[in-house]
Amino acid sequence: MDHTEFRVKAKEMVDYIADYLENIRDHRVYPGVQPGYLHKRLPTEAPQLPEKWDDIFKDVEDHIMPGIVHWQSPHMHAYFPALTSYPSIMGEMLSSALNVLCFTWASSPAGTELETIAMNWLGKLLGLPECFLNEKNDSPGGGVIQTTASEATLVSLLAARTRALMELSKLNSDLQASDLLGHLICYCSDQAHSSVEKAGLIGLVRMRYIESDEKQCMRGAKLEEAIISDKAKGLVPFWVCATLGTTGSVAFDNLREIGQVCEKHSAWLHVDAAYAGSAFVCPEYRHWLDGVELADSFAFNPSKWLMVNFDCTAMWVKDSTALHRTFNVNPIYLRHENSGKAIDYMHWQIPLSRRFRALKLWFVLRNYGVIGIQKHIRESVRLAQKFEALVLADQRFEIPQARNLGMVAFRLRGDNALTERLLKRLNARGYIHAVPACFKGVYVIRFTVTSQRTTVQDILDDWNEIKTVASEILVDMFGSEKGNIVVPKKPRISLKETRELNATFGTSLLLANSPMSPKIVNGTHVAICDYEQVLSSCAQTFAQLKMEPKDSPEMRRRIRGIRMCGKKFSLDSCMDMVQGLMMEQSLPLCSEEEREDVSNGSSPGERSSISSTPATSIGTIKQENFDSNQLQLPSTPSRQVRSRSVDAALANLTLDDAKITIDMTTNEITVTPTGYKKFEAETQTVHFSPAEEKINIGDRFESRVADVDDKDRSEDVTKLTIKGPGSYIKKLIQQFSESPNEGEDSKPESERAVSTQSIKDRADALCKKCFHYKGKMSK
């Protein structure tokens, strides 16, 4: 292939890659092939003559792709993420083209310095202490990109072993290093990754596993107990691995407790955060990093969750001299005149040669930015929470270990064999792929949100696949989809019983901002309000009503729906309805009024013509007279209305004939005649009787008509004071919201009057409506 063909075929490859990633859902995530399938399809020897590129790539599509596990698929839930991204692919392409080897500064100055800069950026993004950064020439710490987290674990163990042997040699000069090596011992949790065990095998040191607690967490007390026991046996603790985000259940060891124990016993503390380390870019997850300043080394994989394609493991050390002592080789062909002035990363790792990995990490950090990376992490966690909720809603399943970050460990209730059979059948079907884990004898299925392309619909599809397969297995085993799970029937509790058990049922103030939408109280998620303050809250809501309410058919339909519904609504729903009522032509009529109008021969059209809208009938009141603690309601000229619940002695006394003042601090309502009507009574105070649930008025009432002008009115007008506790106000508000529904307004929309109304006018309309329905008065 020459450069001309490369230009064409490379562009075709870019299109192929983009099409593959964008249509990843079209591929079955787990292949349906058996071991040896490819040996049967490809020749046993390499070709003698060159082959055309088109023929080579055709075999990729025909033979390679059928055996691929599609790690970038949204339905890939096995292991941990192994993500890539377009900027990372671009960085890998350029790195492959440059193909520089960054083992010393002289071999690649840009590659070496870009790695230092990128690792400082990433360390700050995670919130690591300054001791792990390399921003000053005399800084002993710094970051390096290793191939895998397993290699980072081994590097830290070997560096700690070298330090321990050097210290022991000073105290035991008569012993060889091989003799001292047998006294070394290191520690990790029983939930640590298998790479920790492998590091111990390679390092030829003993490994002791600390039993984790009920949350799969290694604690400091258990660790110190083991260290003291081993010291009594003549062993030397030298290295401890703490895991942040275990493989089985994403559990977190207590880093501060472990760090304090390691500091006390002079042991190297290495932190393995291979998967969970990416989450620390979000401040809300950094509480698991508490105590990281006590660690000697820290490592995580950007190649997992940070969308940097494999291989790329970020590792920081507090003191790089420990690495130099372990891996320092200095042949003459690797020396250069700037040795010691710049970092030579060949002394920070096991191999000599190293790829230009910093380029793709740098591309991703710049192309996504901090906000984009945080958004990606948070979305994965949100989708895992969604799946967790689906599992918990099905009583056949359980989650034995609490979910952390983007992984959920779940299982079928019952024997481990059921869950194992479920997993095998899921993987055999190939629509989703997952792997198991086992902690403390409990077999679970690990479900990890891996792909940045995963959506809520993908989660729902995967859950439906899991439920379908689980139902098949349970039917085969037990003859029922429920299996051996006995689902108790939930007892039905009537509304009456609920009210008897909960005295505050239905009394709530739901703070919702959606206008005109019913907020029905269900009795379980309510905020109890103080009815002594309801009237004050009502007045404050009035003060916030829009001066120009907008009319629409949708608003009128929703108002009718609220008034026709028998449910109890929150106070703000009632206020929404009141504002909407301002647009209607007349206040609602009670059933008694309608029957009276019908008996008088009035037609609906006549009744509609008699009444008028509040906007046209209510007088204008100056706003400066308004007081938030005392709301004065002006008289409103309109026809007299009453219900049969009003006492006959007060039949001629309506709100049109009096000035009404509501004192919210004392719960008093004062009615002052305007001059058109006047009443006298031996007792001008009306009291509310809780026992009779009605208002008792004085024994005698007299009324007379005084057809005189305002200037001729008598000044000694008797005032009627109505007193009632907060419970009475409660009844006003509640019963107002349950008022009967009236028919449609006969006037067309075009004739409806829409004008600016004062706050007191609308308050007067509410008060008139309340007293029209609630005036249960008797002598």
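Seven strands, 7 in number, form an open sheet of mixed pairing in the order S1-S7-S6-S5-S4-S2-S3. Strands here are DSSP runs of E with at least two residues, helices are runs of H or I with at least four, and both are numbered from the N terminus. Two strands pair if DSSP finds at least two bridges between them. At the edges, strand S1 (142–146) and strand S3 (206–210) each pair on one side only. Neighbouring strands of the sheet are turned by 20° against each other on average, direction ignored.

This is a predicted model, in which local features need pLDDT of at least 70 and side-chain atom pairs pLDDT 80 or more, while totals for chains, interfaces and linings use all residues. Residues are numbered from 1 along each chain as its sequence is written, and side-chain values use heavy atoms, without hydrogens or water.

S3 pairs with strand S2 (residues 184–189) in the parallel sense over 5 bridges; Cys188 stands opposite Tyr209 in S3.

Angles run from 0 to 180 degrees between N-to-C directions, with axes fitted to C-alpha atoms, for helices over the stretch in contact.

| Helix | Strands | Angle |
|---|---|---|
| H5 (residues 149–171) | S1, S2, S4, S5, S6, S7 | about 160° with S4 |
| H8 (residues 220–232) | S2, S3, S4 | about 145° to S3 |

The protein chain has 23 helices and 20 strands in total. Of its 779 residues, 49% are buried, meaning under 20% relative accessible area with a 1.4 Å probe, protein chains only.

Definitions and conventions. Contact means heavy atoms within 4.5 Å. Buried means under 20% relative accessible area, exposed over 50%, partly exposed in between (1.4 Å probe, protein chains only).
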